[in-house]
Amino acid sequence: NTTATLHGEQVQMTDKELVDREYSSESVIAHELFHQWFGDYVTAESWSNLTVNESMADFSEGLYAEYKYGQDAADAHNYRYLQRYLGSKRDVTKNLVRFHYDTQEDMFDLVTYQKGGAIVQMLRTYLGDDVFFAGLQKYLQDNKFGNGEAHQMRLAMEAVSGKDLNWFYNQWYYGAGHPVVSIDYAWDAAAKKQSVTVKQTQDGHPFELPFTIDYYVNGKPVHQQVTMTEATQTFTMPLATKPMLVNVDADKTLLWKKTDNKPLTEFAYQYKVAPRFVDRAEALEAALAKQTTDASARSLVVSALSDKYYQLRVAAAEGLKMDNKDVAKAAAPVLRKLATTEKEPHALAAVLGALGQLKDKKDEKLVTKELAGNPSLTVQGAALRALGNLNAPEALTRAKAYEVDAPAPLGAAMLSVYARQGGAAQWAFIRDRFDAAQGQGKFRYLGPMNQMLGRLDDPKAFSEDVTRLQQMAMLPQLKAYGYDKLAIAAIQKGAEAQKGKPNAAQNQATADAAVQAIQAAK
Ligand SMILES: [Zn+2]
């Protein structure tokens, strides 16, 4: 039976939860259904070739997002997955098809899933949709009710494309890692020539990389197809005038880590004109990094608060450094307007979060209204946190309602308000909940406990808090994940924050003793 699909029960959600559901928790449904073809109709020949099941199912998540929610949703989903792989150092050394592994479980990782999915997406861009999907169909037909390997997928793609693809499969399926590149630009005014220099700096052989460069002149892109084969390569293009933007990898499809040395003016133009979600996401990242020192960066960030795709609106609002006067001044009027017009729950939650940081009493009414009346639990949670900054006693009173059986977003907001604005009574609550919780249930209290450590002026609470963090730090199963180091850092930070308060010396001694005990434990 190739069409039986088992889903985890987490895909079954209440109406309340569905209001806040994002594609990240829906994508698993597409993933599991895609296994009816890649996994069941044709099954991976061995764990070594797990990619023909799992990379394909991973790829299908973006494919379904594209079909159901549009290109931005697909790009955002794929971009998030790619960043997860690129952020994992230990996965750089693993081939996608691996013949040596300790247990089969080792194959279920960021390489087989997220990197593999990005590789499939890259192949799709390279071959074009007609050829690529014909290749997938041929692979399924040729191997139906049997087993498949990556080589069979290659042969199917070669048959339909008429291209040799050994170079692609050798470097991406039977090789490890990814290109790490820097990109630099130069305009030769005398020769009227733009050049782009891409430099691969990773260890080992340079990757062969076909991609498109878009040169924007008079508002329109001139496309240039190139293939990079050397470690350092310069591409040139004669143009009538200096381009407003040079957009390398215009399809935003390459699996690489890059340092793009383009000026902020070009990123601002890219944000406005270039077509892809990733174009705008990269421009926003560049602007967020310069928001406190550069007025044009601030204005890009502020315009991204109204981006057409909500996840960029969230990234802009969450990335605002509201403790900077210039940023606060530029963003406040837009945030206040968005607080009444934004409909997407996660974006509205992020707007309320940023507004709350202004600590301006006049926003209390607006925040209270969302807490009471918004159908989204995520928005209500954000409103409660914001209220904590605006009117702490009121927030503490309202948070009390969520002490028992609150839905997750409100329970978390309650803990956050307690940790940031609570006193002795709220410490006692967190302490007792932590003590009563079992196993991983304790984790949700660690953040609030770290926060209270430095804030309360109460040596008894400080000592109770440190004792519990110390106990956690000495559990071997948590030490294996490096939690002991995190706990030491939190305890030291808590003692540091106590400096200047009446019981600083006593608390410092408590912290020192705990750190010593953690370090001495084997
Ligand atoms: Zn799967």
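1. His-31 is buried, with a relative accessible area of 5%; buried means under 20% relative accessible area, with a 1.4 Å probe and protein chains only. Glu-54, at 8% relative accessibility, is buried as well. The model is a predicted one, in which local features need pLDDT of at least 70, side-chain atom pairs count only at pLDDT 80 or more, and totals for chains, interfaces and linings use all residues. Residues are numbered from 1 along each chain as its sequence is written, and side-chain values use heavy atoms, with hydrogens and water left out.

2. His-31 (NE2), His-35 (NE2) and Glu-54 (OE) coordinate the zinc ion at 2.0 to 2.1 Å. Donors are N, O and S atoms within 2.8 Å of the metal (3.2 Å for Na, K and Ca); water is not among the atoms, so sites may look incomplete. Along the chain, the donors of the zinc ion are spaced H-x3-H-x18-E. Because His-31 lies in helix α2 (residues 23-34) and Glu-54 in helix α3 (residues 51-69), the pair ties together parts that are 23 residues apart in sequence. Helices are DSSP runs (H or I, at least four residues), numbered from the N terminus.

3. The largest nonpolar core has 94 residues, and Leu-320, Leu-335, Leu-352, Ile-430 and Ile-491 have the most contacts inside it. Such a core is a set of buried Ala, Val, Leu, Ile, Met, Phe, Trp, Tyr and Cys residues joined through side-chain atoms within 4.5 Å. A second, separate core of 56 residues includes Phe-34, Ala-118, Tyr-173 and Val-217.

4. In helix α5 (residues 111-127), 15 of the 17 residues are buried, so the helix is largely enclosed by the rest of the structure.

Notes. Helix = DSSP H or I, 4+ residues; strand = E, 2+ residues; numbered from the N terminus. Buried < 20%, exposed > 50% of the residue type's maximum accessible area, 1.4 Å probe, protein only.
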